[in-house]
Amino acid sequence: MGSLATYDMENGDILKTIQVVKPEKSTTSTSTSSSDVTRDILVRFRILRMFIANVQEVMFGTKLSVLLTAIPFAFVAEFYDVGGPWVFALSLIGLTPLAERVSFLTEQIAYFTGPTVGGLLNATCGNATELIIALFALHQRKIHVLKYSLLGSVISNLLLVLGSSLFCGGIANLNKEQRFNRKQVDPNSSLLLLGLICQILPLLFRYVGNEPAELATASALELSRASSIVLLLAYAACLFFQLKTHTQFFEQQQEEGSDEEVREEEGAVIGFYSAFIWLITMTVIIAILSEYVVDTIEVASDTWGISMSFISIILLPIVGNAAEHAGSIIFALKNKLDISLGVAVGSASQISTFLLPLCVIVAWIMGIPLSLDFGVVETGCLAFSIVLTILTLQDGSSHYLKGLMLGLAYVVIGACFFVQKVPSDQSNTNDLGILLSSAKLGSSSS
């Protein structure tokens, strides 16, 4: 400080210049650093605000969000080994909103990928819950759970989801004629009938074939694997038909309806990468809860005194079809039956001709004898459901009575499986016989 005072006395003008320059440099650096800090704070605040908005849309954007509270309780019940029935019930409740949210996220991603990729994505993730449960059941060789759950999903979509949609849409539009485009229904109806044929033929081998029992069961398994390949090809051809060559059949209602209303309703509310990350997270949680369900379903059946067939065919599909159920009813209330039919019937045909044959092929690779023989009662219920649905939709119009008939048919089928008492160790008899027969044939040939 002393040298600075001497310098001030001898070179006052220069010192003034130095004094003016130094504060300017200090002020400039201070203002620059403060602006950087402010910019960082704004960026972090913007990211935090986007994250909170995404959480609100994904976690609380549905009325089923209250059921998400069952997910941590399911983890706690499994960790502390509270009991199989509790883990099963909590996992089943937690899967319900997750299935709906997965459908929501795939729709958000479809806005950025376009209709073709979006359609393929919906085809893959639309029935993610059913597929994950089926794969876990296949891994644990619980063939009866796999078959019953997929069979129940088809019946649930055709009778419960479609029936409730037609009923609610008819009640909400009593003064309007509800009509739909039959050209959208025909491809899915053909797929359902093709899938039914592929499931009836292996069943006939056991009852009307002239071959010995061992040869009949082995032939049924070989026929099921060949039929699965055919079904996968048919489903791929139907996707190409819907998404490429005849897209005009599936866009008619959107053109006839209020285009402005559709544009306002349809729009991405979260970004592509955010939706993709949320989709992966949801899928992981679904996988964990699905494993809990498959592990504890037999214990829950024995504890509650409810047949395994009822839990697998009725309860599990209701959870897996929560997204289709809610979406189909909403569109039916708005008198958009083409979209409702695409959701309900399209999901049923997807399970019958894609998920089920895919599981047969995967089981073939794993060396597990999984056939398309569901049994007499199960195949009969599926056949009546498909025929009743096709007859209901044959004239291209709808009213609440048609929906009521479909719903009552579902009640009857549910009562059938509720009174059917099939022990869990005997539910897999058909495929166990195929396994033993294949082993015997292999030993005899060698």
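Predicted model: local features only at pLDDT ≥ 70, side-chain atom pairs only at ≥ 80, totals over all residues.
# A chat about the core and its helices

Reader: Where does Val293 sit?
Author: Val293 is in helix α12, which covers residues 272-304.

Reader: And what does Val293 touch, apart from its sequence neighbours?
Author: Leaving out residues up to four places away in sequence, Val293 touches Phe88, Ser91, Leu92, Leu95 and Leu316.

Reader: Which residues is Phe272 in contact with?
Author: Setting aside neighbours within four places in sequence, those are Ile109, Phe112 and Thr113. The C-alpha atoms of Phe272 and Phe112 are 6.6 Å apart, although 160 residues separate the two in sequence.

Reader: Let me zoom out. How many helices and strands does the chain have?
Author: The chain comes to 18 helices and two strands. Of its 446 residues, 45% are buried.

Reader: What share of the contacts join residues at least 24 apart?
Author: That's 85%, taken among contacts between residues at least 6 apart in sequence.

Reader: How many residues are in the largest nonpolar core?
Author: It has 94 residues. Those with the most contacts inside it are Phe88, Leu105, Leu146, Leu150, Ile155, Leu162 and Leu393. Helix α7, residues 143-172, gives the largest share of this core, with 13 residues.

Reader: Pick one of those. What does Leu105 touch?
Author: Not counting residues up to four places away in sequence, Leu105 touches Val58, Ile270, Ala275, Trp278, Leu279 and Met282.

Reader: Back to α7. At what angle do α7 and α15 pack?
Author: About 170°, with their axes 10 Å apart; α15 covers residues 337-366. That makes α7 roughly antiparallel to α15.

Reader: Which residues in α7 and α15 meet there?
Author: On the α7 side they include Leu146, Leu150, Ser153 and Leu162, and on the α15 side they include Leu341, Ala344, Ser347 and Cys359. By class, the contact of α7 with α15 has 16 nonpolar, four polar and no charged residues.

Reader: How about α16 and α17, how do they pack?
Author: Helix α16 (residues 376-392) and helix α17 (residues 400-419) pack at an angle of about 180°, their axes being 11 Å apart. So α16 is roughly antiparallel to α17. This contact has eight nonpolar, three polar and two charged residues.

Reader: And who meets whom?
Author: Val377, Glu378, Cys381, Ser385, Leu388, Thr389 and Thr392 in α16 meet Lys402, Leu406, Ala409, Ile413, Cys416 and Phe417 in α17.

Reader: Switching topic: how many salt bridges turn up in the whole structure?
Author: The search finds one. Asp395 forms a salt bridge with Lys402, and the closest N and O atoms are 2.8 Å apart.

Reader: Why can side chains pair like that?
Author: Side chains of opposite charge can pair when their charged atoms come close.

Reader: Are those two buried or exposed?
Author: Asp395 is partly exposed, with a relative accessible area of 41%, while Lys402 counts as buried at 14% relative accessibility.

Reader: Last one: where is Ser398?
Author: Ser398 is in strand β2, residues 397-398. Ser398 is buried, with a relative accessible area of 8%. Neighbours within four places in sequence aside, Ser398 is in contact with Leu166, Gln178, Phe180 and Leu337.

Notes: Residues numbered from 1 in each chain as written. Heavy atoms only, no water. Core = buried A, V, L, I, M, F, W, Y, C linked by side-chain atoms within 4.5 Å. Buried < 20%, exposed > 50% of the residue type's maximum accessible area, 1.4 Å probe, protein only. Helix = DSSP H or I, 4+ residues; strand = E, 2+ residues; numbered from the N terminus. Contact = heavy atoms within 4.5 Å. Axes fitted to C-alpha atoms, helices over the stretch in contact; angles between N-to-C directions. Parallel < 35°, antiparallel > 145°, perpendicular 65-115°, else oblique. Nonpolar A, V, L, I, M, F, W, Y, C, P; charged D, E, K, R; others polar. Salt bridge = Lys/Arg side-chain N within 4 Å of Asp/Glu carboxyl O.
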